[in-house]
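Subject: Structure for your review

Dear colleague,

Please find the structure below, followed by notes on what was found in it. I would be glad if you read the two side by side.

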Amino acid sequence: MKKRTIETILKTALETFPVVLLNGSRQIGKSTLALNNFKNYLTFDDGELRLYAKENPKGFIKNLELPICLDEIQKVPSILEYIKIQIDTNRKNGNYLLTGSSNILDHKDSKDTLAGRLCELKLYPLSCKEKNDKANENIIEKLLNKDFKLAKKDYSENVIQNIIDGGYPEILNFKGLQKELWFKSYISTYIERDARDLADIRDIDSFIKFVNILSSRSGTILNKSSLSNDIGIKDITTDNYLSIITRIYQATLLKPYFANIGKQFIKSPKIFINDTGILCSLLKINSKEKLLDSPYSGQVYETFVFCELQKHLAYLGKNSEIYHYRTNDKKE
């Protein structure tokens, strides 16, 4: 198992708050982290357990052996209200680790955000540093401190392999066709299923078409009207699909930078798929040759750079944000 950069931050958060919410996409390593830190672990993927928690949330919480990790918490959003009652009765830091593959705090059935009691953390796919067993090195910190040297040898082959593989931990165990099958299974099983769980999608085929067309626009300025036209759906449906894909942590809308902060919410964001392995699978790229020959090659490289910066920024421990920058004459 690869050491994760977030482990130290997670332990500090558990020492500081009664509840820690660890969010991130499916199969990203949340459960592995939880099992390393908690003896008691329950998952709401278990249908029987989920039904009991929904029908008798007060009894469910009362009978828990603390501290505990509750996995896939977004499947029982109403449980937050009863966790709050338990905390207010007997507040003890580190009693609850909640993990989710969609953001429970945005869920319409979530009646409480546990304000003042909860710390929210986000886990991303493996960074290149984590893959190379250098989890404690932060590239942004090195760049800001000018603590870096230009590579003396060609690392392009290594970069390309990292792009095609992406950062899902399980991929490290596979080769060739196994990787392709895993990505296809992930897209059809998890992305489709989580989207269905999160929203009442009447036409799943149009959502899958949306995911595929959106992948061809990763690293570009988001044009919702053009996206809607290509898919054959209304703008309001596109807005709904964008909300879903970001809430299940498969894509990020990156705000533009302006000296006038208000303009950041007016001008168009860029869209990025959150893992280049998933992106390459959607774009039918599975080799160096296909990547270099692809009309999306530049977008894929930009997505890779963004994904790496996003991971390192999240683990930097500073109140900083990342933006895209574009001048009026369209220079980036």
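Which residues of helix α5 (residues 79–89) are buried? They are Ile79, Leu80, Ile83, Gln86 and Ile87, where buried means under 20% relative accessible area, exposed over 50% and partly exposed in between, with a 1.4 Å probe and protein chains only. Seen down the axis of α5, these buried residues fall within an arc of 120°, taken from the directions from the helix axis to the C-beta atoms, so they line one face of the helix. They pack against β1 (19–23), α3 (47–55), α4 (57–62), β3 (68–71) and β4 (96–100), contact meaning heavy atoms within 4.5 Å.

Before going further, please note that this is a predicted model, in which local features need pLDDT of at least 70 and side-chain atom pairs count only at pLDDT 80 or more, while totals for chains, interfaces and linings use all residues. Residues are numbered from 1 along each chain as its sequence is written, and side-chain values use heavy atoms, with hydrogens and water left out. Helices (H or I, at least four residues) and strands (E, at least two) are DSSP runs, numbered from the N terminus.

The open sheet

Five strands form an open sheet in the order β2-β3-β4-β1-β5, with parallel pairing; two strands pair if DSSP finds at least two bridges between them. Because β2 (41–43) and β5 (118–122) stand at the edges with a single partner strand each, one side of each is left without a neighbour in the sheet. Neighbouring strands of this sheet are turned by 20° against each other on average, direction ignored. Between β1 and β5 there are 5 bridges in the parallel sense, and the bridge partner of Val20 in β5 is Cys119. Helix α1 (residues 6–16) lies across β1, β4 and β5, and runs at about 170° to β5, where axes are lines fitted to C-alpha atoms, for helices over the stretch in contact, and angles run from 0 to 180 degrees between N-to-C directions.

Strand β8 and its partners

In strand β8 (residues 270–273) both faces are covered, with Lys270 and Phe272 buried on one side and Ile271 and Ile273 buried on the other. Strand β6 (residues 220–221) is joined to β8 by 2 bridges in the antiparallel sense, and Thr220 stands opposite Ile271. Strand β7 (residues 251–254) also runs antiparallel to β8, joined by 4 bridges, with Leu254 bridged to Lys270.

A helix pair

Helix α8 (residues 156–165) packs with helix α15 (residues 297–314) at an angle of about 85°, their axes being 11 Å apart. That makes α8 roughly perpendicular to α15, a label given to angles of 65 to 115 degrees, whereas those under 35 count as roughly parallel, those over 145 as roughly antiparallel and the rest as oblique. In α8, Val159, Ile160, Asn162 and Ile163 meet Val300, Tyr301 and Phe304 of α15.

Individual residues

Arg26 sits in the loop between β1 and α2 (30–37) and, at 4% relative accessibility, counts as buried. Leaving aside neighbours within four places in sequence, its contacts include Asp45, Glu72, Tyr168 and Asp194. The peptide bond from Leu66 to Pro67 is cis, with omega near -5°, and Pro67 lies in the loop between α4 and β3. Tyr249, although not a glycine, has a positive phi of about 65° and counts as buried at 9% relative accessibility. Lys284, also not a glycine, has a positive phi near 60°, but is exposed, with a relative accessible area of 58%.
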